[in-house]
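Have the viewer open as you read.

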Amino acid sequence: MTAPSYIKVLLPLNLSWIPTYSLPDGMSVRKGDRVKVKFANREYVGVAYGFADVPDLNAGRILPVIELPDIPPVSSEELELWEFVSGYYLCPVGEVCKVASPASVLEKVPEATLRKLQSRNRTEPVKPRLTAPMKQAVSRIVEAFDEGKNVLLCTGGLRRQLFQELSRRVIESGKDVLILRPEISTPSDGMLCYASMLSPTQRRNAVHLVRNGGPQIVEGESPAVFLPFRNLGLVIVDDEFSQNYKQSFHQPFYNARDVAFVLAGIWNAPLLLCAEYPSLESLYNCSAGRLVRVEVEERPGTETQSPEEEGRGKFEIIDVSKEKSKNGMVGNFSRIALSRMEATLQQKGRILLLQPWKDTSDIEIEARKHFPSAGSKINSMPLRKADSKELAKYSLVLLTNIDFLLSRQDFRADEYAFRQIERLKRQCSCLLVQTSESGHYVFDSATALETMLAQRREFQLPPYTREVRIKTGDSSRSFFLPKDRNLAKSKAELLAKAPRGAIVDVDP
C-alpha cells in the first residue's frame, strides 16, 4: 500500500489558513482541480492549491478528499488573479474564491441546454461606420497597443463605435474581449452578458460559454473580471471613474477597474480605459507613463457630435450668497430658481429637485407650497439616485445644497461633486445649481481635475499614496502609505495590528 499524499484545499470561506486533506489511493489531482471535501461537518467544493508528501499537522486528524466532481478546473491565470486580489486587498484568498467562483455557476449545464447554447453562440462583431476623427483615434490606440502600452480614451458619446471596431479586430484574431461597465440594465446586442440582472442559471450559462464557446465579446459588471477566460485579447473599462467598480459591502473590497489592469497583464492583453472626464488615478497614471492618453475631437455641429452632446442644455449657477445679500432667497429657493420653476410649469414641463442627502421630502413639500397646483409635475430624489434615472423627461433640474458635499471632511468629496455636476449637465435639458461657492473649481470643466490632482500631490493623498482604512464598529481610521517597495510590508503590518473583527479596506 502506497503512502498517502496530502493536499492543500482552497475553500470558499473566510479562513486565514488553508486546510490540508489526504488523497485516497489512486486519486490523481493537479493544482487548480476541483475537489469535494468536508469542513466543519459540511461538504464544499474546493480547489487543489498545493501538495505535500508529509502533512504539516497530525495525520490522524486529516480528512480525506471525498471525490473529484465533474467541474472544470481553475486555470493558472485565474489563480494568479485571485492571489493578487487577496494580497493587495488584504483578505483571505478563500473570500476571493467565493466571489470569483460562486457555487451557483459551478452546476453542470444540462446536455439539452448545452446544445442550445452552442447553436445560439454566434459572435458576429459589427463593423461600424467611422468618421475621420474616429479612425485617427483607432489608429492611435492600436499604435499604443502595438508598443505594449495601455490607453486612456477621453470621449463622450463616440465610445460605442470605437469599442465595436477594436473588439472586431480582436475577435477576428481568435481572442476574447471583456467590456466592463459600472451597471448593466439592458444587454447589448451581439455580446455575451454577465451582470447582476441575470438569473443564476443565465450567469452559469455565460460562464460555460466563456470557458468553452470560442471567441466572445463579454459585456459585464465588476465580477466579470473573474470569468474563466481562455484567450483574453482586450480589456475595456467604460466609465472608468465610476464608484460602482469599488466593492464596498463584502470582502474582497476590490476595485474592478484596478483589477482589470492586473487581469490584462496576466494575459498580456492591452487595456483601454474610457471616460469623458477621467479619474484622478488615471490622470496620474498618464503622467507616470502607465497610460497613453487619446482624445477624440467632438466639434459641435459636426457628424462626430454625440447624441448626449446634442441633448445638452442650459447650465446656470445661482450664487446663494449674493441672493441673500439682496433678499433674493425665499426659504431654500432663490427667487431666480422660483422664477425658472414657474416658467417651466406654465409650459407644462416637469421639475426635479435634487439634494445630496437621502430625505428630500422637505424641499419637495416647500416647492409644492409655492406651486400648489403643480401636482406630480414636481418630484425630488437624492443626488445619488439620479445616477440610474432617466432625466431627459424633466424640463428643469434644480440641484440645491451642493455645498454640503464640498464641505465634507473627505478628500474625494470634490471629485464626486464634480462628476455629479458634469453628468447632470450632459443629461439635463436645463440644470440650475444653487451654491454659496459659485467660484469653486468643481464648476470649471476645463481645469477642475488638474486642480484636484495638484492638491492631492501637495497633501500626499491618493493616487500619490495608498489609503488603508480600518473600521471597527462606528469608528474608522485611514492610513496613507507611501507607494514604495515597502508598501506590501506596510499594509501587512497594519492588517496584523488591526483589532479582531475589524474591516480593512485598501483604496485605490
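Which residues in helix 4 meet which residues in helix 5? From helix 4 come M134, A137, V138, I141 and V142, and they meet Q161, L162, E165, L166 and R169 in helix 5 (contact being heavy atoms within 4.5 Å). Helices here are DSSP runs of H or I with at least four residues, strands are E runs of at least two, and both are numbered from the N terminus.

This is a predicted model, where local features need pLDDT of at least 70, side-chain atom pairs count only at pLDDT 80 or more, and totals for chains, interfaces and linings use all residues. Residues are numbered from 1 along each chain as its sequence is written, and side-chain values use heavy atoms, leaving out hydrogens and water.

| Helix | Residues |
|---|---|
| helix 4 | residues 132-146 |
| helix 5 | residues 159-172 |

The two pack at an angle of about 45°, with axes 10 Å apart. That makes helix 4 oblique to helix 5 (angles under 35 degrees are roughly parallel, over 145 roughly antiparallel, 65 to 115 roughly perpendicular, the rest oblique).

Now for E221, in the loop between strand 8 (217-220) and strand 9 (232-237). E221 is buried but has no salt bridge, and R203, the nearest side chain of opposite charge, is 7.6 Å away. Buried means under 20% relative accessible area with a 1.4 Å probe, protein chains only; a salt bridge puts a side-chain nitrogen of Lys or Arg within 4 Å of a carboxyl oxygen of Asp or Glu. Beyond neighbours within four places in sequence, the contacts of E221 include R181, E183 and Y194.

Terms used. Buried means under 20% relative accessible area, exposed over 50%, partly exposed in between (1.4 Å probe, protein chains only). Lys and Arg count as positive and Asp and Glu as negative; His and the chain ends are not counted. Axes are lines fitted to C-alpha atoms, for helices over the stretch in contact, and angles run from 0 to 180 degrees between N-to-C directions.
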